[in-house]
Amino acid sequence: MKKGDTTESLLRVLLNSRYKFSHFTNAEPNINQKRVKPESKKVIIPFTFGKDSLLTYAICRQLGYKTKLIFSEESKGLYENPSKHKLARDFESEFKQTVEFIKNPFDQLWEKGNNAWFGWDFQLTTINLLLIPYAYAYRASYIFFANEKSCNDYTFGDDDIRFFPDFEQNREWTREMNFITENLTGGVTHMTTLLDSVDELAIIRILHKLYPEIGKYQMSCFAEDHWAKGRRWCCHCSKCARMYLFLMAWNLDPKRVGFRENLFLKKYRH
């Protein structure tokens with residue numbers, strides 16, 4: 001992808017692309033396998049320690065749901081993965097709630113490089129596919145993604161084509177992911193979100209005012225460069241800047257979630 005490419009040209013690349021595998025085997029599913037009825041109070045949460053998944057967990061915990069928290073590790077998470085493991089140890093100790101870490105092999109299919117984009121469009125969809133076996137094993141009735149209200153906003157680009165800030169998290173694709181989930185589980189497990197009507201600024205308020213003991217574990221940093229080594233917040237990415245601003249807007253102390261710097265200082269203007 002390069003500057004000046006039209007939406008139509010990008011769609012043409014996507015629609016005409018095919019993956020070729022040098023080694024593969026076909027495995028027929030056992031369609032006669034007896035389906036196990038899920039338990040209505042069991043749910044799976046794709047868990048990242050971000051504000052949205054933390055609030056989803058907090059709500060489920062208050063409602064008495066039995067939750068299985070799963071973090072999908074990607075090979076590029078050189079700085080993110082160690083930080084999440086450290087948070088998980090403290091989180092598990094306090095709440096007696098295991099955070100399971102799994103590898104995401106699909107990331108080997110995604111384009112690499114600073115301007116990479118191909119394949120990343122369906123990052124969450126692939127994670128949902130990885131969770132289907134867990135839904136069977138755990139007998140979960142729901143997979144709760146943490147898609148929030150702003151992801152339903154869109155704008156128009158060239159050729160009057162709609163653009164979403166995060167297509168996989170908008171309401172339309174959530175319905176598609178639920179359709180995939182129901183088809184792969186015989187209609188007994190559903191995929192949805194609890195936060196579809198809640199804006200992310202409100203999510204910060206609800207999480208840290210109603211569930212401060214859970215909110216203190218928040219980590220929303222991109223954690224993609226050396227600034228993030230050994231730190232929960234790199235203080236050099238747009239995620240850090242936005243979360244710091246949101247916390248301050250509600251008069252919440254950023255130090256409580258691990259911020260070490262005052263991002264309102266002039267040296268952090270970038």
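Modeller: Before the pairs, one cut-off: a residue is called buried when its relative accessible area is under 20%. This is a predicted model.

Colleague: Is K84 buried or exposed, then?
Modeller: K84 has a relative accessible area of 2%, so K84 is buried.

Colleague: Which residue does K84 form a salt bridge with?
Modeller: E80, with the closest N and O atoms 2.8 Å apart. E80 is buried as well, at 17%.

Colleague: What about R162, where is its partner E172?
Modeller: R162 and E172 meet in a salt bridge at 2.9 Å, N to O. R162 lies in strand β6 (residues 162-163) and E172 in helix α5 (residues 171-184), so the pair ties together parts that are ten residues apart in sequence. R162 is partly exposed, with a relative accessible area of 34%, and E172 is also partly exposed at 34%.

Colleague: How many salt bridges does the count come to?
Modeller: 14. K51, D52, E200 and R242 are linked in a network of them.

Colleague: Switching to helices. At what angle do α6 and α8 cross?
Modeller: Roughly 60°, with the axes of α6 (residues 200-210) and α8 (residues 238-249) coming within 10 Å. They are therefore oblique to each other, and the crossing is right-handed.

Colleague: And which hand is the crossing of α2 and α6?
Modeller: Left-handed. Helix α2 (residues 51-63) packs against α6 at about 50°, with the axes 10 Å apart.

Conventions
Residues numbered from 1 in each chain as written. Predicted model: local features only at pLDDT ≥ 70, side-chain atom pairs only at ≥ 80, totals over all residues. Heavy atoms only, no water. Axes fitted to C-alpha atoms, helices over the stretch in contact; angles between N-to-C directions. Helix = DSSP H or I, 4+ residues; strand = E, 2+ residues; numbered from the N terminus. Parallel < 35°, antiparallel > 145°, perpendicular 65-115°, else oblique. Left-handed = near helix turned anticlockwise from the far one by under 90°. Salt bridge = Lys/Arg side-chain N within 4 Å of Asp/Glu carboxyl O. Buried < 20%, exposed > 50% of the residue type's maximum accessible area, 1.4 Å probe, protein only.
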